[in-house]
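Hi everyone, thanks for coming. I'd like to walk you through one model today, so let me put it up on the screen.

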Amino acid sequence: MRQPVADPYWNTNVARHQGILRAVPEGCGDALDVGCGDGLLARKLAGQAKRVTGIDKSPDMIACARESAAGHPGLAFVEGDFLTAGLPAAGYDFVCSVTTIHHMDFEAALVRMRELLRPGGTLVVVGLAREASVTEWAALTAAAPIVRITKVLRRARGPQGMPVADPQMSYGQVRAAARRLLPGMRYRRHVLRRYSLTWEKPVR
């Protein structure tokens with residue numbers, strides 16, 4: 001069993017890694033990390049899957065990922081647009097994405113992820129959305145002190161050059177679209193201003 005990869009830094013994205021890793025199917029052959037950034041999660045996935053592919057549009061992030069993964073067998077990184085890149089249909093047992101899907105067309109990205117999964121495979125999406133209801137604003141306000149304190153205590157930071165974008169969809173819109181496109185998916189709202197979607201592709 002390969003040793004777990006240590007976190008060189010912590011932030012509210014890295015905070016979700018353990019939950020993602022717990023969702024990796026037993027005996028996973030091929031895993032895909034969409035919007036892999038500097039490859040930290042992909043390197044962790046390499047401890048649970050035989051082969052891991054990371055894809056990202058940023059040349060700088062992919063260069064960093066490849067450098068950090070030197071000497072890690074079974075790890076490959078693709079520079080390109082996830083929606084159009086030449087990835088194998090039904091080619092992955094596990095697909096994940098962390099705070100990337102709001103950079104893309106949400107529905108097109110979910111459909112692509114669904115198509116790339118093998119029957120019986122698992123999809124986990126961690127994302128950002130905007131507050132649009134009184135309940136959502138109340139949840140944000142209540143969590144704000146916890147988020148600030150946690151970031152200070154954990155010395156939150158991330159890799160330099162990571163692309164950022166403001167989410168356009170609300171939490172309600174995300175949930176509704178995901179339920180339509182991924183029947184039976186599990187939705188969860190997290191304290192550190194994230195949501196997660198977990199879905200198992202039916203076996204035909």
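Let me start with a question: is cysteine 64 buried, partly exposed or exposed? Cysteine 64 turns out to be partly exposed, with a relative accessible area of 29%. For these words, buried means under 20% relative accessible area, exposed means over 50%, and partly exposed is in between, with a 1.4 Å probe and protein chains only.

Some ground rules before we go on. This is a predicted model, in which local features need pLDDT of at least 70 and side-chain atom pairs count only at pLDDT 80 or more, while totals for chains, interfaces and linings use all residues. Residues are numbered from 1 along each chain as its sequence is written, and side-chain values use heavy atoms, with hydrogens and water left out.

Back to the cysteines. If we call a disulfide a pair of cysteine sulfur atoms within 2.5 Å, the count is 0. For cysteine 64, the nearest cysteine sulfur belongs to cysteine 36, and that is 9.9 Å away. Cysteine 96 is in no disulfide either, with the sulfur of cysteine 28 as its nearest, at 9.6 Å. Cysteine 96 is buried, at 0% relative accessibility.

Now the overall fold. Helices (H or I, at least four residues) and strands (E, at least two) are DSSP runs, numbered from the N terminus. The chain has 6 helices and 7 strands, and along the sequence they follow the pattern α-β-α-β-α-β-β-α-β-α-α-β-β. Of the 204 residues, 49% are buried. Contact here means heavy atoms within 4.5 Å. Among contacts between residues at least 6 apart in sequence, 70% join residues at least 24 apart.

Next, please look at the sheet. The strands form an open sheet of 7, in the order S3-S2-S1-S4-S5-S7-S6, with mixed pairing; two strands pair if DSSP finds at least two bridges between them. At the edges sit S3 (75-79) and S6 (186-190), each pairing on one side only. Neighbouring strands are turned by 15° against each other on average, direction ignored. For angles like this, axes are lines fitted to C-alpha atoms, for helices over the stretch in contact, and the angles run from 0 to 180 degrees between N-to-C directions.

What about S5 and its partners? S5 pairs with S4 in the parallel sense over 6 bridges, and one of the residue pairs is valine 98 with valine 126 in S5. With S7, S5 runs antiparallel, and 6 bridges join the two; there, glycine 127 has tyrosine 195 in S7 as its bridge partner. S5 is mostly covered, with 8 of its 11 residues buried.

Let's zoom in on leucine 123, which sits in S5. At 1% relative accessibility, leucine 123 is buried. Leaving aside neighbours within four places in sequence, leucine 123 is in contact with Val95, Leu110, Met113, Leu117, Leu182, Leu197, Thr198 and Trp199. Alanine 31 is 92 residues from leucine 123 in sequence, yet their C-alpha atoms are 9.9 Å apart.

That brings us to the cores. A nonpolar core is a set of buried Ala, Val, Leu, Ile, Met, Phe, Trp, Tyr and Cys residues joined through side-chain atoms within 4.5 Å. The largest has 29 residues, and those with the most contacts inside it are Leu32, Phe82, Ile101, Leu110, Met113 and Leu123. Elements giving two or more residues to this core include S1 (30-34), H4 (106-116) and H6 (171-181). A second, separate core has 22 residues, among them Ala49, Val52, Phe77 and Cys96.

H3 (residues 59-68) lies across S2 (51-56) and S3, running at about 165° to S3. Its buried residues are Met61, Ile62 and Ala65. They are on the same side of H3, because they cover an arc of only 95° around the axis, where the arc is that of the directions from the helix axis to the C-beta atoms. These buried residues pack against S2 and S3, and on the other side Asp60 and Glu67 are exposed.

In H6, the buried residues are Tyr171, Val174, Ala177, Ala178 and Leu181. They fall within an arc of 135° seen down the axis, so they line one face of the helix. The face of H6 turned away from them carries the exposed residues Arg179 and Arg180.
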